[in-house]
Amino acid sequence: MSYSVPPEPGGKERHVECLTREQLKRGHEVTLAFRRGDVVPEGATVLPTRPTPLSVALGARSDVLAFAAEVGRALRDAGPADLVHLHGDHVEAAVLGPVCRRRGIPLLLTVHGAMTRRHRPMARRALRTVDAFIALGTRPQGDLVELGVDPRRILAMSSGLDLESVSGFRSPVVRVPGLVVSVGSLDPVKNHELVIEAMAVLRRTRPGARLVIAGEGPERNRLRELSGTGGAIELAGHLGRKEIYELVRRAQVFVLASRRLESKGEGVPTAALEALALGTPVVLSSEASLDPVVPDHGVYRTFRSGSLDDLVAVLGAVLDDEEARSRMGETGMRAVAALDWPVVASRVEEWCRAALPTGSRNGDAR
């Protein structure tokens with residue numbers, strides 16, 4: 001279950017689609033439940049849902065809650081299942097957890113990013129109904145532990161990469177001097193504003209420096225105003241995967257300035273992993289680090305989240321050091337070589353067998 005799937009943008013949505021494809025290849029039966037989007041991999045089915053009195057009442061507060069209530073009702077009426085795999089957080093778990101307990105279906109929760117710091121008593125109660133967890137990074141893992149989850153019930157990992165597709169973009173390419181690229185939704189958590197401010201500082205001594213931000217979101221108008229005129233900063237909008245790969249492979253540096261907000265934060269940003277796979281040097285904020293997937297920070301550079309001075313210093317150092325960029329590109333490709341989707345899907349399957357009461361078998365997974 002995921003509130004949204006492609007073509008809705010986002011790392012979670014891509015994760016659900018790719019994991020579903022791999023699970024189908026491995027012989028599993030997969031039924032998807034989603035509210036937004038329409039991409040259903042061939043071989044998967046869709047769980048039919050409909051409004052209920054509970055979902056209508058909850059909808060006034062949260063459509064995510066309303067959708068979870070509709071899925072819970074559909075599960076009560078559906079046939080047997082070996083596993084319910086929820087991609088979300090405590091909000092959906094608060095509704096689905098009790099339903100799964102009553103039906104005797106193990107519930108696995110994958111948390112894709114840092115969790116909200118609000119509603120902590122509710123979150124603690126909801127998470128007690130979950131049998132096992134996957135945390136995409138150390139930040140959601142730490143949040144789960146703070147909320148009382150036994151660390152032994154948490155697998156920390158990352159999303160997978162389509163390394164076969166990425167490899168097609170690794171042929172020798174001329175990097176565009178001074179080109180800095182960021183990929184991510186135009187959302188406050190990504191803190192693109194900081195990168196725009198850093199670019200203005202960098203261009204005082206590097207007039208050829210240029211920033212391209214790929215993504216869409218609610219901050220587009222504000223970021224456009226901050227970008228000014230002259231073409232040094234481009235908001236490229238939503239791009240397809242091939243277009244993103246082409247863009248990132250030509251950049252001298254990939255940067256992500258994410259910050260932790262009260263309501264959300266990063267997990268392991270897939271866009272940064274893809275940049276490493278493409279051999280592009282990566283600069284990340286301390287709130288977007290790749291722990292524990294790429295624990296060696298020598299592979300990429302970090303700056304203190306929210307610090308303009310730190311970002312300018314780190315970005316400038318990488319832009320000015322061709323030898324360092326070459327070294328980072330080579331080590332980055334090696335660092336993510338084991339993150340191909342078939343390998344990641346296998347880890348998910350192994351975790352289900354080890355951590356869940358019955359494990360995921362070749363039956364139905366929702």
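**Exercise 1.** Work out whether Phe169 is buried or exposed.

*Solution.* Start with the cut-offs: buried is under 20% relative accessible area, exposed is over 50%, and partly exposed is in between, using a 1.4 Å probe and protein chains only. Phe169 comes out at 13% relative accessibility, so Phe169 counts as buried. A quick word on where such values come from: this is a predicted model, where local features need pLDDT of at least 70, side-chain atom pairs count only at pLDDT 80 or more, and totals for chains, interfaces and linings use all residues. Residues are numbered from 1 along each chain as its sequence is written, and side-chain values use heavy atoms, with hydrogens and water left out.

**Exercise 2.** Find how many aromatic pairs the whole structure holds, and classify them.

*Solution.* Step one is the rule: rings of Phe, Tyr and Trp (its six-membered ring) pair if their centres lie within 6.5 Å, with planes under 30 degrees apart called stacked, over 60 edge-to-face and the rest tilted. Searching the whole structure gives two pairs.

Step two, take Tyr3 and Phe67: the ring centres are 6.0 Å apart and the planes sit at 80°, so this pair is edge-to-face. Tyr3 is in the segment before α1 (11-25) and Phe67 is in helix α3 (residues 63-77), so to speak distant parts of the chain, 64 residues apart. Both Tyr3 and Phe67 are buried.

Step three, take Phe169 and Tyr245: with centres 5.3 Å apart and planes at 65°, this pair is edge-to-face too. Phe169 lies in the loop between α7 (163-167) and β7 (179-183), while Tyr245 belongs to helix α10 (residues 241-250), so the pair ties together parts 76 residues apart in sequence. Tyr245 has 5% relative accessibility and therefore counts as buried.

**Exercise 3.** Count the disulfides, then check Cys100 and Cys352.

*Solution.* A disulfide here is a pair of cysteine sulfur atoms within 2.5 Å. That rule gives zero. For Cys100, the nearest cysteine sulfur is that of Cys352, 13 Å away. Cys352 is likewise in no disulfide, its nearest cysteine sulfur being that of Cys100. At 2% relative accessibility, Cys100 counts as buried, and Cys352, also at 2%, is buried as well.

**Exercise 4.** Say how many residues of helix α11 are buried, and what follows the helix.

*Solution.* Helices (H or I, at least four residues) and strands (E, at least two) are DSSP runs, numbered from the N terminus. In α11 (residues 270-277), eight of the eight residues are buried, so the helix is largely enclosed by the rest of the structure. Among them are Thr270, Leu273, Glu274 and Leu276. After α11 comes Gly279, with a positive phi near 80°.
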